[in-house]
Amino acid sequence: MGIRLMGIAHAKQKLQRTLSARIRMISATSIDVPKGHFAVYVGEFKKRFVIPIAYLNYPLFQDLLNLAEEEFGYDHPMGGLTIPCSEEYFISLTSALNCS
């Protein structure tokens with residue numbers, strides 16, 4: 001009986017460590033997105049970009065969002081929006097949006 005209780009206690013500690021690590025990971029990703037911005041994942045390797053919400057007003061960016069909806073729907077397991085384009089295209093688009 002004593003061995004079984006120790007096994008349960010060990011499992012409980014391991015679960016708490018796992019949950020604590022997951023909570024820290026979620027907190028870290030949401031903290032580094034400033035107010036008025038959101039995270040998107042772009043390209044083959046899903047590079048993360050934090051961009052201003054104001055980009056949502058631009059027709060070219062709205063086209064990307066429509067592509068994302070068609071390809072991925074609204075399920076985004078990484079916590080941010082996944083946009084189906086190359087990093088190079090996304091960087092050139094955001095650079096153009098910054099200049100306007």
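User: Is Cys 85 buried or exposed?

Analyst: This is a predicted model, in which local features need pLDDT of at least 70, side-chain atom pairs count only at pLDDT 80 or more, and totals for chains, interfaces and linings use all residues. Residues are numbered from 1 along each chain as its sequence is written, and side-chain values use heavy atoms, with hydrogens and water left out. Buried means under 20% relative accessible area, exposed over 50%, and partly exposed in between, with a 1.4 Å probe and protein chains only. Cys 85 has a relative accessible area of 15%, so it is buried, whereas Cys 99, at 72%, counts as exposed.

User: How many disulfides does the structure hold?

Analyst: A disulfide is a pair of cysteine sulfur atoms within 2.5 Å, and the structure holds zero of them.

User: In what order do the strands of the sheet lie?

Analyst: Strands of a sheet pair through backbone hydrogen bonds, either parallel or antiparallel. Strands here are DSSP runs (E, at least two residues), as helices are (H or I, at least four), numbered from the N terminus, and two strands pair if DSSP finds at least two bridges between them. Three strands form an open sheet in the order S2-S1-S3, with mixed pairing; the edge strands, S2 (47-52) and S3 (81-83), each pair on one side only. Strand S1 (residues 37-42) pairs with S2 in the antiparallel sense over six bridges, and Val 40 stands opposite Phe 49 in S2.

User: Where does Asn 66 lie?

Analyst: Asn 66 lies in helix H2, residues 59-72, and at 40% relative accessibility it counts as partly exposed.
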